[in-house]
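Grab a pencil and have a look at what follows. Each exercise comes with a solution worked out in steps.

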Amino acid sequence: MTPLPPRQPLKPRTPLVTPKGVERPAVAPRTPLAPRTPLAARTPAAPARPSVGTANVKGDDFTALCELVRQLCAVDLLQYKRNQMERRVRTWTERRGTPNLEEYGKILRKDPEELDAFLDRVTINVSHLWRHEDQFEVLRKKILPELAERKRLKIWSAGSSYGAEAYTIAAVARETIPTIPVEIVGTDLDKRMVARAREGYFTPEDARTSPKAVLTKHFEPRTDGGWQAKPELKRMVRFENGDLLRMAVPTARYDVVFCRNTVIYFTEEVRDALHERLVKALSPGGYLVVGTSERVSDPKGLGLTSPYHFIYQKS
Ligand SMILES: C[S@@+](CC[C@H](N)C(=O)[O-])C[C@H]1O[C@@H](n2cnc3c(N)ncnc32)[C@H](O)[C@@H]1O
């Protein structure tokens, strides 16, 4: 197996060390962990709290944009290491054709979808149910019916955040192949996300692109407008804390591996090595689903074909 190069990006200001002594890469934790305010109900956020290490940059365009984002959706980008976050923000706004951050802020105010896309790019735990619905349509119509002949399926949500992806997979499987046992394992670096995933609770915003009929069948509505996964879904999913860059990957264990919107924080070298390990974890004929802004750099070299957009199949 190719050894994984050390992960470089997004080291926190003060290294975060887990109880097991593993240094956490990624970003400093976002606090508080309250779910993002629903798009429809965004109100000004709580009074400004002191931002870590940003006093010297108050008043600049980057700080102003971060303040705006915090007001719009309570995500505080000033809690992230500035150099990396600022670079990500500026790269993104340039790519969107609006490098002037003040101008870009005006767009964010008016366009909730742009705000979502922006946060998807620059923050780390963002997720929601039926994210990139097209891929779940392929799962429903093509992949699960094809794999059902295996009689029992194992699916891995690698970088599962707070479980939206894993519960969506569970709901789609219940709909499509209700008699086939499907076990879904979600793993994430962030213990807080793993704890939250185990609860199976989702905000109204998490459900914004969910097909209503399927959502109401497999999730209980809550009085606050959120959704609680029903017991039959919870029995299908399991969540574990783990660093994808360090954990042992079992050979040929999974029928499908989802690894979406997680490798974007990695260097290309690290990403490619991780993809190689994920492919190793797939059984022959199994599928690797990547994010819609991601790709496997050498699919042929890894023995993959790409029968659907952003979905690869192992030969
Ligand atoms: C943007 S979320 C993606 C969630 C979900 N896959 C989706 O597409 O909606 C990325 C997740 O990857 C996790 N992550 C980042 N680096 C990781 C690593 N080295 N090992 C495991 N998880 C990691 C983060 O904690 C975060 O929850």
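**Exercise 1.** Which residue stands opposite tyrosine 201 in strand 7?

*Solution.* Step one: the residue opposite tyrosine 201 is glutamine 228, in strand 7. A word on labels: helices (H or I, at least four residues) and strands (E, at least two) are DSSP runs, numbered from the N terminus. Step two: strand 5 and strand 7 (residues 227-229) pair in the antiparallel sense over two bridges; to count as a pair, two strands need at least two bridges found by DSSP. Step three: zoom out to an open sheet of three strands in the order 5-7-6, paired antiparallel. Strand 5 (201-202) and strand 6 (219-221) are its edges, each having a single partner strand, so one side of each has no neighbour in the sheet.

Before you go on, note that this is a predicted model: local features need pLDDT of at least 70, side-chain atom pairs count only at pLDDT 80 or more, and totals for chains, interfaces and linings use all residues. Residue numbers start from 1 along each chain, as its sequence is written.

**Exercise 2.** Why is strand 4 (residues 182-188) described as largely enclosed by the rest of the structure?

*Solution.* Start with the term: a residue is buried if 20 or more other C-beta atoms lie within 10 Å of its own, exposed if 12 or fewer, and partly exposed in between, with C-beta atoms placed from the backbone. Now count: five of the seven residues of strand 4 are buried, so the rest of the structure largely encloses this strand. Next, look at who pairs with strand 4. Strand 3 (residues 153-158) runs parallel to strand 4, and six bridges join them.

**Exercise 3.** Which residues are buried in helix 4 (residues 112-122), and what do they pack against?

*Solution.* First, the buried ones: Leu115, Asp116, Phe118 and Val122. Second, look down the axis of helix 4: these buried residues fall within an arc of 165 degrees, so they line one face of the helix (the arc is that of the directions from the helix axis to the C-beta atoms). Handy background: an α-helix has 3.6 residues a turn, so residues three or four places apart point the same way. Third, the packing: the buried residues of helix 4 pack against helix 1 (61-73), helix 2 (82-95) and helix 3 (101-110). Contact here asks for C-beta atoms, placed from the backbone, within 7 Å.

**Exercise 4.** Which way do the residues of strand 12 (residues 311-314) point, and are they buried or exposed?

*Solution.* Ile311 and Gln313 point one way, Tyr312 and Lys314 the other way, and all are buried. Now for the pairings. Strand 10 (residues 282-290) joins strand 12 in the antiparallel sense over three bridges, with valine 289 opposite isoleucine 311. Strand 11 (residues 304-308) also runs antiparallel to strand 12, with three bridges, and leucine 304 stands opposite lysine 314. Strands 11 and 12 form a hairpin with two residues between them, and phenylalanine 310 in the turn has a positive phi of about 60 degrees.

**Exercise 5.** Where do tryptophan 130 and histidine 132 lie?

*Solution.* Tryptophan 130 sits in the loop between helix 4 and helix 5 (133-147), and histidine 132 lies in the loop between helix 4 and helix 5 too. Check their backbone angles next. Most residues other than glycine have a negative phi. Tryptophan 130, however, has a positive phi near 50 degrees, and histidine 132 has a positive one of about 55 degrees. Last, burial: tryptophan 130 is buried, with 23 other C-beta atoms within 10 Å, and histidine 132 counts as buried with 20 C-beta neighbours inside 10 Å.

Technical notes. Contact = placed C-beta atoms within 7 Å.
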